[in-house]
Amino acid sequence: MKDNSKIAKTRRVDYVEKRKEGWRPEDLNMFKFLHGVLNRVNVCYVATYPPTECGIATFTRDLVGAIGKYTPFSDPMVLAVGGEADIQQYPKIVKVQVPKSDLQSYLDAADFVNRSGANVLSLQHEYGIFGGPDGEYVLNFLERLKIPFVATLHTVLFAPSPNQKRIVQRIAEMSMAMVVMVKKGKEMLMEHYGIPAEKIVVIPHGVPNVHRVPAASVKRDLGIIDRTVISTFGLINRGKGIEQAIKAMPAIVEKHPKALYLVLGETHPGVRNYEGESYRTELLQLVSDLGMEKHVRFNNRYLTLEELINYLCATDVYVTPYLNKDQIVSGTLAYAVGCGKAVISTPYLYAEEVLADGRGILVDFKSPEGIANSVDQILSNPAMREQMETKAYAYGRRAAWFNVGIDYLDLFHRISDSLKTNSSKSAQKENEKQANGGTNV
Amino acid sequence: MAVENDLLIQFRKSGEISVLGLSGDVDVYTCSILRDAIIHSIDQGDQRMVINMANVNYIDSSGLGTLVGGLRRVKQNDGHLAISSATPRIRKVLKITGLNKVFTIFEDEDSAVRSLDT
């Protein structure tokens, strides 16, 4: 474990310093007042974290930011689970780095959290980010933890192995609440894992706060003003099924000659470690074989949020041709819906729920024909497209990070309040017992 | 660019009390509209102000910051600012952040106006 802070201190406000900075007395008075009355909760987040490139790291950064904006006087911190020997250049909020496969580091990290002053811990769970078989070292960490925690599940398997099931059930036993991002996830936890409903909370995957803008204005800035843009973004790996969308392009181009399919994002670093760029190379070969060089473009790098939003705003049709039916969350699909895009997707679990009620179109797995037909349907029918975009945007608006942050904060406060109530009830019982001459066994 | 969640503000007077009726989202993109409206009201000599949030769907931290800034400006002018008619969602945001202890909040506009009028 690498401890970046040694001692977690409660934030103190230096009013003298603020006066030196030129704060006006009335501003300082308001600041003091707010400092006294605004709610606080010191959250410790356990997850991967940027600069690590993965969806959970991005999610955690966004969650930390969303909650932090509502709790300016709190002291959040992150315990980052990462690679083995490499020391990442994490931002200051990361107080501890835990090498994924070093069991002792998990125990030391739990001890650190216990004395850190954190009120509640937010665990981001996905089997692969923790060490041990199926990431079971996370249990060693949690069993040593003395503060309440909430687990957000980024994967819920339909058919888990016995060990995978045991891990999730044990996390459920120890946690104050389990968060999933769609209702289907809750049903699965209840039916396949036996977790009680009252322990499960559904909070949608957060999306950036984007106001809808006409695609044409953004296309101009990106130099693709005359193109009909279809896109897919994210860290590239074989599970994305991008070849299915590429195979759909000849039929799409036949009807929409200006069509351009943008594949945005670099190869997933974890994938690059074991197969290099072989998947992307195969995709490039496929593009060449189909003669689609002028209609498929790759942007092989990790995009900033601003770049990503720009590309999404410029998109006419967003596609997630993913291959895994069990996928219970997709940050990229959430973002596209949040931007109010017309979306076509294969029917994995998350897409089925998010795109229901006319918010998008579902097509069969591995069906380039289905993708081509649906793209044509959307592009040829502006009224249908507008309706779909409006429905998607309204759904995504509820999931804007500033709303999701409030949902998490509400959950953390409720947990904190219930613990206070329980502890004051216990103290009251203890007092009554002592008043009645009882003994503490 | 015109978007459906732009913020619209309707100014009206209820006796001596000025009422700002908000419609839309108060967020990072629109909070400057609210800030300008509050400053405009103060410049007009309005010292007692009700912000009716019945038609506000969502508010983010920038929107909350703008409300706090508005309260500070009004108080600087020895005035009062109250919030009325907030939806359950907005009330929840105010409660969770602790801002319900900062603002005077009324169920409806009439109650807010009556209170500031006394």
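Good morning. From the N terminus on, the elements of chain B follow the order β-β-α-β-α-β-α-β-α. That comes to 4 helices and 5 strands. Here helices (H or I, at least four residues) and strands (E, at least two) are DSSP runs, numbered from the N terminus.

Before going further, please note that this is a predicted model, in which local features need pLDDT of at least 70 and side-chain atom pairs count only at pLDDT 80 or more, while totals for chains, interfaces and linings use all residues. Residues are numbered from 1 along each chain as its sequence is written, chains are lettered from A and ligands numbered from 1 in the order in which they are written, and side-chain values use heavy atoms, with hydrogens and water left out.

Let us begin with the overall form of chain B. Its C-alpha atoms fill a box of roughly 35 × 30 × 25 Å, taken along the principal axes. The radius of gyration is taken over C-alpha atoms, and the globule rule is 2.2 Å times the number of residues to the power 0.38. For 118 residues, a compact globule would have a radius near 13 Å, and chain B, with 13 Å, agrees with this. Of the 118 residues in chain B, 53% are buried; buried means under 20% relative accessible area, exposed means over 50%, and partly exposed lies in between (1.4 Å probe, protein chains only). Contact means heavy atoms within 4.5 Å. Among contacts in chain B between residues at least 6 apart in sequence, 67% join residues at least 24 apart.

Strand 1 (residues 8-14) and strand 2 (residues 17-26) of chain B pair in the antiparallel sense over 7 bridges; two strands pair if DSSP finds at least two bridges between them. These strands form a hairpin with 2 residues between them, and Gly15(B) in the turn has a positive phi of about 65°.

Which residues of helix 3 of chain B are buried? They are Arg89(B), Ile90(B), Val93(B), Leu94(B), Ile96(B) and Thr97(B). Helix 3 of chain B is followed by Gly98(B), whose phi is positive, near 95°. In the loop between strand 4 (80-84) and helix 3 (88-97) of chain B lies Ser85(B). Ser85(B) is not a glycine, yet its phi is positive, near 60°. With a relative accessible area of 15%, Ser85(B) is buried.

How do the two chains meet? In all, 29 residues of chain B are in contact with 28 residues of chain A. Together the chains bury about 2,500 Å², 59% of it on carbon and sulfur atoms; buried area is the accessible area (1.4 Å probe) that two parts lose on being put together, summed over both. In chain B, Tyr58(B), Arg89(B) and Ile96(B) lose the most area to chain A, together 24% of what that side buries.

All 6 of the 6 residues in strand 5 (residues 120-125) of chain A are buried. On one side these are Val120(A), Ser122(A) and Gln124(A), and on the other Leu121(A), Leu123(A) and His125(A). Strand 5 of chain A runs parallel to strand 2 (residues 43-47) of chain A, to which 4 bridges join it. In this pairing, Leu121(A) is the bridge partner of Cys44(A). With strand 6 (residues 149-153) of chain A, strand 5 pairs in the parallel sense over 5 bridges, and Leu123(A) stands opposite Ala151(A).

Elsewhere in chain A, an open sheet of 6 strands has the order 11-10-9-12-13-14, with parallel pairing. Strand 11 (296-299) and strand 14 of chain A stand at the edges, each with a single partner strand, so one side of each is left without a neighbour in the sheet. Strand 10 (residues 259-264) and strand 11 of chain A run parallel, joined by 4 bridges.

Finally, two backbone details. Most residues other than glycine have a negative phi, and most peptide bonds are trans. The peptide bond from Pro50(A) to Pro51(A), however, is cis, with omega near 20°. Asp357(A) has a positive phi, near 60°, and at 63% relative accessibility it counts as exposed. Thank you.
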